[in-house]
Amino acid sequence: MKGIMNLKYVPVKLAALVLAGTVLATASACSAENKGPQVTSTATSKPNSSESGTGAPTESSTPEPGSVGTSPSATPGSGGTEAPSDPAGASPSGAATALSWKTYSDSAKTVSFDLPREWIAQSVTPEAGSLAGAVKVEVKDGGGSYVATLQTGLPPSAPVECPAGQGRPYVVISSVPLDVPHSDGPDTIDPRVVFRVIQGYKFFGSYGITNMVAGADGQSCELRNRVLGPTGKGDYSFGDVPALHAFAADEKVAPAKSFDTLDLAAKYAVHGSEFANVQRMLLSLKVNQ
């Protein structure tokens, strides 16, 4: 196997994982060209399909989301507009619990996405070096806590080097197709909304959008929440952190997540209301390029 491989068309079988304390052991049921082992469905956690998107999401016993509420239109975030939206679609990992949703769109109408009505989306200054017309939007919940950042017009950025033996085990807990403009390459997959976990002294999790292969043989040094954009348009990202790695004990983890066990991470993604709302928001992203 050479480095990170293009597995776009290779089916991936679910592999059984055994938790022994905080040690993650992956079984050999994964394909020889896997992008990350999958957690086994249990009575309390039912992870979705693989990172490569070859399987269908596992059904959830959680009811479908209800219909939209009738609360008035929310105040627009800086530099964009927000309008009511229809939340009739089901969240693949479980029902989004927010009953009333709105749509954010930047002033130039280059991007839009849905978010719970009480959440706040605000335009901020794009990263230095971003392409002309780049957009950066920060999303916070109703209490002012950070949720995610959308960035467009990102200049090309090579992934970090991951020498043999330096990678850490990672797991794709949730992976759902996303229809956005993108570029294909030897180390890409079709765009996905994912929740992935990498093992360190704890299990660190992150949600976001990506079309980049994370690693080989279930090992990675960095899980990038980034989509390679069309030629000349720049890359874009939408998630809690641009990239996830196995944090050191003295590093700040937030806004990434940390879990004592892999099962707790799976429960967060499959049954947690926070992730259900976040996932629906990410899946609603529209990019006009």
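## The disulfide

The torsion about the S-S bond of Cys-162 and Cys-221 is about 75°, so this disulfide is right-handed. The pair links distant parts of the chain, 59 residues apart. Cys-162 sits in the loop between strand 8 (146–154) and strand 9 (168–177), and Cys-221 in the loop between strand 12 (219–220) and strand 13 (223–224). The S to S distance is 2.1 Å. A disulfide here is a pair of cysteine sulfur atoms within 2.5 Å. By this rule the count is one.

This is a predicted model: local features need pLDDT of at least 70, side-chain atom pairs count only at pLDDT 80 or more, and totals for chains, interfaces and linings use all residues. Residues are numbered from 1 along each chain as its sequence is written, and side-chain values use heavy atoms, with hydrogens and water left out.

Cys-162 is partly exposed, at a relative accessible area of 36%. Buried means under 20% relative accessible area, exposed over 50%, and partly exposed in between (1.4 Å probe, protein chains only).

## The nonpolar cores

The largest nonpolar core has 38 residues. Such a core is a set of buried Ala, Val, Leu, Ile, Met, Phe, Trp, Tyr and Cys residues joined through side-chain atoms within 4.5 Å. Phe-113, Ile-173, Phe-238 and Met-281 touch the most other members. Helix 1 (residues 262–271) gives the most to this core, with six residues. A second, separate core of 11 residues includes Tyr-170, Ile-198, Phe-204 and Phe-247.

Leaving aside residues up to four places away in sequence, Phe-113 has contacts that include Tyr-104, Val-137, Leu-150, Phe-238 and Met-281. Contact means heavy atoms within 4.5 Å.

Helices (H or I, at least four residues) and strands (E, at least two) are DSSP runs, numbered from the N terminus. Helix 2 (residues 273–283) is largely enclosed by the rest of the structure, because eight of its 11 residues are buried. Among them are Phe-275, Arg-280 and Met-281.

Strand 14 (residues 235–239) is also largely enclosed, since five of its five residues are buried. Asp-235, Ser-237 and Gly-239 point one way, Tyr-236 and Phe-238 the other. Strand 14 runs antiparallel to strand 8, joined by four bridges. Two strands pair if DSSP finds at least two bridges between them. Thr-149 has Gly-239 of strand 14 as its bridge partner.

## A buried serine

Ser-100 lies in the loop between strand 3 (80–85) and strand 4 (101–106). Ser-100 counts as buried, at 11% relative accessibility.
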